[in-house]
Amino acid sequence: MLRFILRRLLQMVGVVFVLSLLVFLWLRSLPGGTVSAILGEKATPARRAALEKALGLDQPLYVQYWEFAKRAATGQFGSSTGVQPGVDAMQVFIQRFPATLELSFFALLFAIALGIPLGYMAARRRASWFDNLSVVGSLIGVAVPVFFLAFLLKYFFAINLHWLPVSGRQDSSIDATRVTDFFVLDGILTREWDAAWDALKHLLLPSLALATIPFAVIFRITRASVLDVMDEDYVRTAESKGLTNKVIRGRHILRNALLPVVTTIGLQTGGLLVGAVLTERVFSWGGIGEAVAVAFTRRDYAVLQVCILMAAITFVIVNLLVDIAYAVIDPRVRTR
Amino acid sequence: MPNPLNPNAKKQRIDDLAAQAGGGAAVLTVDDAGHIEESTGVSLIASAWRRLRRNPVFLLGAGITLLFILLAIFAPLIAPHDPSKGLLLDQVRPQSNPVPGAQPGYPLGADTSGRDVLSRLIVGSRQTLIVGVFATLFGLAGGLSLGILAGAFSGWVDSLVMRIVDVMLSIPSLLLAVSIAALASRPSQWTVIIAIATVQVPIFARLLRGSMLAQRSSDHVLAARALGVKKSAIVFRHMLPNSLGPVIVQATLVIAGAIIDAAALSFLGLGNPDDRKPEWGQMLGKAQNNIFDNPALAVWPALCIITVALGFTLMGESLREALDPKSRR
Amino acid sequence: MKLTRKAAPIALATTLALTLAACAQSDRSTDNPSSGGGDVKDTITFGAAGAPELFDPFYATDGETFRVTRQMMEGLVGIKAGTADIEPELALSWEASADGKEWTFKLRDGVKFWDGEAFNAAAVCYNFERMFDQNETAAGGPAGYWADVMGSFKSDAANALYQGCTAKDDMTAVIKISRPTSKFPTALSLDSFSMQSPKALKAGDANNVTKQGEGFGYPAYSKNPVGTGPYKLEKYDEANKTVTLVRNDAYWGEKAKTAKLVFKIIPDESTRRQELEAGSIDGYDLPNPADWKGLKDSGNDVLVRPAFNILYMGLNPAKNPKLKDLKVRQALYYALNRDQLVKTQLPEGATVATQFVPDTIAGYNKDLKPYAYDPAKAKSLLAEAGATGMTLTFAYPSEVSRPYMPDPQKIYEALRSDLEAVGIKVNVVTKPWNGGYLDTVDTGGFDAWLLGWTGDYNSPDNFIGTFFGGLKTNDFHTSATSYGAKLSADLAAADAIVDEGQRKAAYEKLNQEIMEQDLPGLAISHSPPALVVSKKLKGLVASPLTAETFSSVTVSK
């Protein structure tokens with residue numbers, strides 16, 4: 001197992017290196033660039049040349065990449081030019097990552113908490129009205145563009161009904177202490193319950209919007225997988241042995257049916273990141289998704305490089321964790 | 001779930017579908033030994049059709065899809081006005097009357113440029129279909145070439161192609177689409193199409209390769225090889241036709257996804273900036289600017305997108321179920 | 001290796017325990033800011049569209065930063081509320097020598113920086129020398145306003161407008177410049193040239209701008225600035241995206257009426273509006289013109305700023321030789337229905353431009369009339385020039401919204417259909433603003449394009465000098481025309497006139513010549529940007545230079 005993890009981590013280094021080169025070249029092949037983004041209407045040839053020189057963008061590409069790689073190896077990715085100008089790009093990422101992580105965590109929590117029980121129930125009542133309704137419901141959920149759903153939620157619950165806050169992560173009137181930058185966790189750790197509660201209220205709508213697609217996926221996989229398992233011989237054996245429903249459900253069906261669900265959950269993380277770009281924008285969440293979107297339109301190379309690389313690393317690590325979790329749940333994988 | 005924005009749901013479904021194809025091929029080879037591919041291919045489709053005909057979910061999806069396609073074909077004949085002309089521009093006042101309301105001849109009113117919303121929706125169906133279909137076709141073409149390459153040859157060609165595919169799949173698809181859309185020096189409808197299509201390439205490639213792999217060791221292919229049939233003939237006459245089922249299913253679902261993706265790109269400001277020829281995703285994306293005062297401008301295209309995406313999805317999902325040999329038990 | 005089933009939960013529990021142990025107790029101050037005085041809130045919360053880059057305005061070029069620093073810093077020259085005109089601020093008065101090259105500033109007495117340092121002539125000169133003496137990185141990048149106004153830095157002192165500062169006595173500073181110019185003293189009202197505490201500048205190593213990858217790194221001072229203004233910086237909560245300023249109780253003038261000023265950063269336009277309607281902010285900048293009505297309907301005040309910008313259609317005679325003919329340029333102008341454009345696509349208060357400067361500028365020629373909408377005349381002019389049915393590659397930017405151009409595509413569409421109506425074949429081109437549009441304008445890749453300008457200070461030179469001045473480098477490629485050389489020489493001559501009255505007259509005449517004889521581009525319109533505040537907020541005066549100050553603002557409960 002240890003060797004397996006090590007090998008995967010080594011692979012990750014290779015992937016990150018190749019990706020860094022690709023991202024670097026890709027960004028520099030985009031039309032326009034940082035210089036235009038900074039100078040705007042004031043861009044005269046002289047000012048352009050001076051700025052290019054000051055930023056080192058007048059150097060040949062391989063020199064630029066070499067400089068970049070040297071710095072990146074020591075963890076310095078350079079300063080942001082568009083998202084938070086003057087702030088180290090890694091710092092920008094570190095500041096914003098908790099926001100995205102918090103949002104994704106709650107979205108996934110919703111997706112799991114709703115998807116698994118509903119999927120299980122739908123499978124148990126196969127072809128009932130409940131089953132059909134929830135299947136079609138999950139399909140509708142997928143057919144609605146995420147940002148439109150986010151807007152609808154915001155429109156009804158925040159703007160019309162005033163039940164929940166419109167945007168952001170916490171009300172500015174709350175003078176909260178920051179410990180981990182996970183606002184809910186911070187509130188709990190420091191026992192600032194009002195801060196934690198306020199952060200939770202801010203989380204509800206965006207995480208619901210973000211949860212729809214993973215929910216639909218988890219629901220469908222759970223349903224399909226429970227259906228498969230219910231057909232298995234060992235379930236029939238258990239039934240014929242006269243085991244209680246509770247035991248059959250818990251130990252035989254759910255446990256076995258959860259295997260593919262766990263994989264799916266792991267695979268959802270990358271998708272959450274994408275959904276986050278759209279959801280964060282609607283709710284002004286201030287996370288990675290929003291940073292990437294802004295960095296893109298303002299050609300903020302440093303922030304884009306860091307965010308894409310870190311997203312890839314996160315993705316690899318999560319998949320590794322999923323594989324480990326798989327080994328924990330499924331004894332067969334372990335002995336292999 | 002058919003969410004093309006989501007690379008991981010994608011992987012999951014790709015593998016599911018590929019597994020089905022493998023299963024399908026296995027079932028087929030048992031039946032007959034003579035004209036295996038042709039006859040079983042027909043019987044598979046025929047039996048699927050028998051079940052589909054009675055499936056209300058499929059009928060609903062197919063109905064919506066058919067209606068949409070007809071609308072797209074005859075759009076210019078149906079639309080009451082020219083969707084690119086600001087016919088009610090004189091009534092537009094950004095402050096007092098940003099959006100001319102419903103009036104005789106203009107049942108849904110006009111947009112902020114004074115153009116008839118109903119006509120834009122009707123004509124928009126055509127551009128929307130073009131985006132959906134061409135993004136899927138281009139994705140399919142790319143995916144087929146890569147998939148055939150990988151599925152037909154084992155060894156280094158296979159691993160090289162699959163590494164490329166894996167790298168493409170590991171980049172969150174919207175980011176990939178966004179970057180491709182941004183690379184274009186002149187953003188247009190076609191950059192949107194190509195951006196979305198590129199994201200589909202690895203999905204189709206993986207799907208096809210998976211099901212062809214399953215067939216490479218299946219009896220009818222082995223038999224053909226033993227008979228000395230040429231390699232290209234095996235690939236194109238024996239392996240490919242049997243792998244197309246899941247690909248068609250996926251294609252149906254991708255059309256829905258492509259329409260939604262086009263809206264997402266537009267929302268991020270990376271869609272086709274030229275809106276003389278309307279497209280629903282673009283209409284929705286652009287309507288975000290003043291969605292609170294004129295929600296109708298967003299709600300109409302959104303409803304259209306949701307309906308059509310649902311239509312394709314329902315159709316695709318029931319096709320998938322019908323083609324799934326397991327469901328025949 | 002086998003991983004026991006219990007390993008994961010244990011690892012998780014350990015991590016949690018460690019996290020908990022590392023966490024500090026709440027260090028939140030418990031004193032609740034209880035109600036200050038009567039029915040007025042003790043905090044103003046204003047929605048900002050972006051984060052301030054830093055808090056040293058000298059290295060800033062963006063409005064979001066200046067909005068914050070303007071509350072904390074003052075310059076020698078201030079701006080009269082609600083106008084683009086200058087007024088005394090830290091300098092009580094100023095006087096130019098006869099040749100316009102030596103400016104004497106009498107300073108305000110009794111002013112102190114927050115850190116207790118006295119404001120005097122030595123501090124003024126320290127500030128100017130500090131701005132002048134920039135390293136290569138700062139000079140190429142962040143010190144943009146100095147580069148614009150003064151031309152160059154100490155490393156290239158001979159070409160700089162600034163030639164030195166001396167303290168004549170404790171309260172008199174003398175600044176020398178290399179040539180007379182209309183920029184003086186009005187450009188000193190720019191936020192970048194605010195006076196900051198010499199002691200704090202020294203201690204915070206304020207000039208130490210470094211190159212960090214493809215961006216800039218700023219010294220410690222930029223996070224902890226010291227000025228003289230009515231507010232001072234309390235904290236910048238980067239995680240929750242709020243900047244909090246508190247009243248400077250030692251301010252020399254009238255103290256700020258509200259104790260706390262919070263800028264909440266909300267990048268999304270529609271979210272700002274919802275926050276305002278939900279009551280969590282008291283106002284925000286640059287509401288979308290399409291929202292103005294809705295905002296007013298829901299009981300807010302839309303404060304329209306006098307326009308200080310111009311939208312123009314640039315023309316490049318070097319790219320399309322047909323544009324060298326004045327008749328063709330005039331024909332294009334007559335073809336445009338700008339009245340309808342202004343009425344249907346631009347915000348309330350927008351006007352059809354008669355020249356390339358707005359009417360708030362000294363040197364605006366009020367006698368000029370706009371080119372009327374006259375498609376028939378346009379067609380006949382085109383015929384006379386032998387350019388009937390000419391093709392024009394006309395571009396607009398995507399992914400951008402500017403105060404003078406809220407929705408470029410819609411403005412473009414209106415202009416395009418006008419041009420097509422007189423038989424011109426328009427080749428539609430669009431590029432993203434930061435994705436090649438500006439670059440292509442600079443390299444002259446379009447025949448015609450949409451662009452504009454928001455003024456920095458009250459001098460026509462800031463507008464027409466920028467547009468048509470540099471003969472070799474300007475976007476309009478006037479070097480390819482017969483009038484270009486004369487125009488740029490005339491512009492330089494007008495800029496150098498010392499007497500204000502004469503200078504104004506010279507610019508009025510130039511504006512007329514540009515519009516009637518030269519017509520290097522087509523001035524389209526001026527659009528006023530706006531601010532929106534809730535009805536509870538009082539005392540905010542909209543400024544054409546977006547230089548609003550909050551010290552006189554109150555918010556009722």
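Residues are numbered from 1 along each chain as its sequence is written, while chains are lettered from A and ligands numbered from 1 in the order in which they are written. In this predicted model, local features need pLDDT of at least 70 and side-chain atom pairs count only at pLDDT 80 or more, whereas totals for chains, interfaces and linings use all residues.

**View 1. Helices of chain A.** Chain A has 14 helices and zero strands; helices (H or I, at least four residues) and strands (E, at least two) are DSSP runs, numbered from the N terminus. Along the principal axes, the C-alpha atoms of chain A fill a box of roughly 85 × 55 × 40 Å. Of the 336 residues in chain A, 49% are buried (20 or more other C-beta atoms within 10 Å of the residue's own, with C-beta atoms placed from the backbone). Among contacts in chain A between residues at least 6 apart in sequence, 69% join residues at least 24 apart; two residues are in contact if their C-beta atoms, placed from the backbone, lie within 7 Å.

**View 2. Domain 1 and domain 2 of chain A.** The domain assignment gives domain 1 (1–74) and domain 2 (89–333) in chain A, with bounds that come from an automatic or database domain assignment. The C-alpha centres of these domains of chain A lie 32 Å apart. In the contact, 16 residues of domain 1 of chain A meet 12 residues of domain 2 of chain A.

**View 3. The side of domain 1 of chain A that touches domain 2 of chain A.** Helix H1 (2–29) and helix H2 (34–39) of chain A each supply at least two residues of this side. The largest share, 10 residues, comes from H1(A). By class, this side has 11 nonpolar, four polar and one charged residues; Ala, Val, Leu, Ile, Met, Phe, Trp, Tyr, Cys and Pro count as nonpolar, Asp, Glu, Lys and Arg as charged, and the others, Gly among them, as polar.

**View 4. Domains of chain C.** Chain C is divided into domain 1 (73–217), domain 2 (232–302 + 530–556) and domain 3 (309–526). The centres of domain 1 of chain C and domain 2 of chain C, taken over C-alpha atoms, are separated by 28 Å. To their contact, domain 1 of chain C gives 10 residues and domain 2 of chain C gives 10 residues. The side of domain 1 of chain C that touches domain 2 of chain C has five nonpolar, three polar and two charged residues.

Technical notes:
A residue is buried if 20 or more other C-beta atoms lie within 10 Å of its own, exposed if 12 or fewer, and partly exposed in between; C-beta atoms are placed from the backbone.
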